[in-house]
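I opened the notebook to keep track of a few things I wanted to look up. The entries follow in the order I made them.

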Amino acid sequence: MSVAVTKFPLPLVEGALSAGSANVQSVIQKQVDSGVSLPGAGPLRIAVEIRQPDADSARPVALVCLPGGGMNRRFYDLYATDGSADAMSFSFARQMAARGFTVVMLDYLGLGGSDKPADGFALTPELLTQANANATEAVLSELCAQRPGLKTVGVGHSMGAMMTVLQQAYHRPHVALALLGFSTRGLPEYLSPETRALAAQGTEAVRARLVELARQFFSVPYPVIKGGGESSGLYAGAQADPRASAVIKPASEPLLPVPAFMSMLPGNVAPEAAQVDVPVFLGVGELDIAGPPQDIPAAFPASPAVSLNIWPGTGHSHFLFASRQQQFETLAAWVDEVTAARI
């Protein structure tokens with residue numbers, strides 16, 4: 001495994017898409033069969049949104065995006081409603097489509113436009129991984145019918161990065177992964193000593209009691225994160241754009257308690273991360289909650305190349321910070337490089 005580490009200085013480049021841009025993008029929103037069902041809920045459907053670039057600029061790559069805990073797919077299409085010239089600069093989907101990529105955004109079961117069973121504790125990481133894999137396959141089969149040879153890169157933020165790792169380990173849909181604000185360190189400082197001791201015994205021991213422990217930690221099936229727009233964990237206070245609270249609000253959702261709890265465990269998906277054998281892009285904010293950035297690449301020993309990128313002055317919700325245009329430019333260049341090498 002080779003590891004490249006990049007720390008980005010300011011100033012940053014301008015965006016590829018502004019509020020008045022003539023770039024033509026098409027959007028498809030629909031529900032697809034997840035291929036899974038639950039007692040009393042029947043077959044469950046996943047909401048998917050596909051943003052496609054102008055045909056003249058389209059690259060043969062789709063970015064398949066999973067949001068973090070407490071977020072729906074709108075996390076990848078944030079924008080300001082104040083009419084400012086940079087109103088669209090927060091939107092990962094619009095910015096990457098402006099650079100020629102197809103962007104596929106999924107809502108987890110239980111959130112956004114997807115079907116919501118009454119018991120959120122039934123939505124385990126295993127069930128969600130299978131549902132996401134089935135939905136991804138259905139969407140990509142349609143896209144590949146239109147554009148043969150289309151390659152995909154899995155993109156995940158925070159808990160979404162964890163879910164992307166699980167999907168890649170068990171279903172191998174992507175030629176590369178872009179994991180943002182994530183490490184296998186978890187958030188052990190929020191866990192009880194008993195849970196930390198159990199996790200120290202290994203993933204098998206703690207996963208055997210995952211739903212039970214999640215029920216103890218979260219007393220309701222769809223818990224809500226408390227805290228406002230100045231939360232140091234999500235926004236790093238004054239470092240974020242002043243519009244951050246308003247911009248992030250449409251993406252905010254309750255948590256899915258079982259995968260959220262799993263993401264907090266030390267070594268959460270370490271066995272699966274060790275199986276990832278495709279290039280990995282790691283994006284971490286300087287003020288992030290993923291732990292020491294230099295420790296993260298070691299979780300991916302089978303990857304042929306790991307690119308660690310550290311964004312200056314950036315908290316956990318990356319797209320709300322001034323580094324966002326550098327993030328988009330750097331990730332676009334990396335995707336071009338790794339997908340060109342995997343014909």
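**Entry 1: two helices**

How are H6 and H9 oriented to each other? I kept in mind that this is a predicted model. I looked up helix H6, residues 210–217, and helix H9, residues 257–264, and found that they pack at an angle of about 95 degrees. Angles of 65 to 115 degrees count as roughly perpendicular, and H6 and H9 are therefore roughly perpendicular to each other. Their axes are 9 Å apart.

I then listed the residues that meet. From H6 they are Leu210, Val211, Leu213, Ala214 and Phe217, and from H9 they are Pro257, Val258, Phe261, Met262 and Met264. Sorted by class, this contact of H6 with H9 has 10 nonpolar residues, no polar ones and no charged ones.

**Entry 2: helix H4**

Which residues of helix H4 are buried? H4 covers residues 193–200, and I found Thr195, Leu198 and Ala199 buried there. Looking down the axis of H4, I saw these buried residues fall within an arc of 100 degrees, so they line one face of the helix. On the face of H4 turned away from the buried side I noted the exposed residues Pro193, Glu194 and Ala200.

I also checked what the buried side of H4 packs against. Its buried residues pack against helix H5 (203–207), and against H6 and H9, the pair from my first entry. After H4 comes Gly202, and I wrote down that its phi is positive, near 120 degrees.

**Entry 3: Leu198**

I left aside the neighbours within four places in sequence and found Leu198 in contact with Ala205, Val206, Arg209 and Leu213. Leu213 is also one of the H6 residues that meet H9. I noted one distance as well: Leu198 and Leu265 are 67 residues apart in sequence, and 9.8 Å apart in space from C-alpha to C-alpha.

**Entry 4: salt bridges**

How many salt bridges does a search of the whole structure find? It finds 19. Side chains of opposite charge can pair when their charged atoms come close.

In the pair of Asp336 and Arg59, the closest N and O atoms are 2.7 Å apart. This pair links distant parts of the chain, 277 residues apart: Asp336 is in helix H11 (residues 324–340), and Arg59 is in the loop between strand E3 (42–52) and strand E4 (61–66). Asp336 is partly exposed, at 27% relative accessible area, and Arg59 is partly exposed at 26%.

Arg243 and Asp82 meet in a salt bridge of 3.5 Å, N to O. They too come from distant parts of the chain, 161 residues apart, with Arg243 in the loop between helix H7 (232–235) and helix H8 (244–248) and Asp82 in the loop between E4 and helix H1 (92–98). Arg243 counts as buried at 19% relative accessibility, whereas Asp82 counts as partly exposed at 46%.

For Glu189 and Arg185, the closest N and O atoms are 3.0 Å apart. Glu189 is partly exposed at 47%, and Arg185 counts as partly exposed at 32%.

Last, I looked for shared partners. Salt bridges that share partners join Asp82, Asp86, Asp241, Arg243 and Arg324 into one network.

Key
Residues numbered from 1 in each chain as written. Predicted model: local features only at pLDDT ≥ 70, side-chain atom pairs only at ≥ 80, totals over all residues. Heavy atoms only, no water. Axes fitted to C-alpha atoms, helices over the stretch in contact; angles between N-to-C directions. Helix = DSSP H or I, 4+ residues; strand = E, 2+ residues; numbered from the N terminus. Parallel < 35°, antiparallel > 145°, perpendicular 65-115°, else oblique. Contact = heavy atoms within 4.5 Å. Nonpolar A, V, L, I, M, F, W, Y, C, P; charged D, E, K, R; others polar. Buried < 20%, exposed > 50% of the residue type's maximum accessible area, 1.4 Å probe, protein only. Arc of directions from axis to C-beta. Salt bridge = Lys/Arg side-chain N within 4 Å of Asp/Glu carboxyl O.
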